[in-house]
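Subject: Structure handover

Dear colleague,

Here is the structure I said I would pass on. Please look it over first; my notes follow below.

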Amino acid sequence: MLVISSPSGAGKSALSRALLDKDDKDREGRQQIVLSVSVTTRAKRPSEIDGVHYHFVDIETFERMRDRGELLEWAEVHGNFYATPRKPVEAALTDGRDVLFDIDVQGTLQLYRSMREDVVSVFILPPSIAELQNRLRRRAEDAEAVIRRRLHTAERELEAWQDYDYVLVNEDLDTCFQQLQSILLSERLKRARNPALAGRLAILQKDLNEVLAQAR
Ligand code: 5GP
């Protein structure tokens, strides 16, 4: 479970997209990492597609899902509700895939509580506040009041950096993306995440024993 968080406008969405596009396929040509598509009560932006960027739901639907235990985590961010539907994540993990989460710190802490060992978290910092403002304005899809609210939230969000396993400064998108790919690769190679190694070791040890026995 690869979690990426950042204040709004630090480049997290572009990094997530690049990771999903460029990540290696498995032997059957399937994507090794899949995106967890959140549900949200926020209004859809013109460029967004329902079911791709988010599942856009009304507040009653959100509350029903929450009350039925269908959400892995949920939070209120910038005055709207956001949550991770449980089922697709569990299905992907059972299928041996990695799952990418673009969620805030409240959601990250909830995932830690239930599955800390499986979570790798990355916090993306903007190079400067001036650049953060530029990026929010360049997006130009949100009203000025929305942008101001996001800058206010950034104040609290920046404090969360110490809760994350890795912290990257997104000065240059390509460099930051390479760093993110390195994190993913290294974390995938961790012994604890590769239970099949035990079988391989058993074969190596058996073969070695045979060779040594013959030499005796
Ligand atoms: P935006 O409205 O810009 O798409 O997202 C606002 C914030 O909500 C971002 O920080 C994003 O990471 C966070 N967010 C999106 N989906 C979820 C979710 O499912 N759970 C939580 N906790 N935060 C989310």
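Two strands are taken to pair if DSSP finds at least two bridges between them. Helices (H or I, at least four residues) and strands (E, at least two) are DSSP runs, numbered from the N terminus. This is a predicted model, in which local features need pLDDT of at least 70 and side-chain atom pairs count only at pLDDT 80 or more, while totals for chains, interfaces and linings use all residues. Residues are numbered from 1 along each chain as its sequence is written, and side-chain values use heavy atoms, with hydrogens and water left out.

Overall

The protein chain has eight helices and nine strands. Its C-alpha atoms fill a box of roughly 80 × 40 × 30 Å along the principal axes. Of the 216 residues, 39% are buried, where buried means under 20% relative accessible area, exposed over 50%, and partly exposed in between (1.4 Å probe, protein chains only). Among contacts (heavy atoms within 4.5 Å) with a separation of 6 or more, 66% are between residues 24 or more positions apart.

S5 is joined to S6 (residues 80–85) by six antiparallel bridges, and Ala-75 stands opposite Tyr-82 in S6. The hairpin of S5 and S6 has two residues between the strands, and His-78 there takes a positive phi near 50 degrees.

S6 also pairs with S3, in the antiparallel sense and over two bridges; Val-39 has Ala-83 in S6 as its bridge partner. Five of the six residues of S6 are buried, so this strand is largely enclosed by the rest of the structure. Angles run from 0 to 180 degrees between N-to-C directions, and axes are lines fitted to C-alpha atoms, for helices over the stretch in contact.

The loop between S3 and S4

Ala-43 lies in this loop. Is the residue Ala-43 buried or exposed? Ala-43 is exposed, with a relative accessible area of 61%. Leaving aside neighbours within four places in sequence, Ala-43 is in contact with Glu-48 and Phe-56.

The five-stranded sheet

The other sheet to look at is open, with five strands in the order S2-S7-S1-S8-S9 and parallel pairing. S2 (33–35) and S9 (166–169) are the edge strands, each pairing on one side only. Neighbouring strands of this sheet are turned by 25 degrees against each other on average, direction ignored. Helix H1 (residues 12–22) packs on the sheet and touches S1 (2–5), S2, S7 and S8 (120–125). The direction of H1 makes about 165 degrees with that of S7. Between S2 and S7 (residues 98–102), which run parallel, there are three bridges; Ile-33 stands opposite Asp-98 in S7.

Regards
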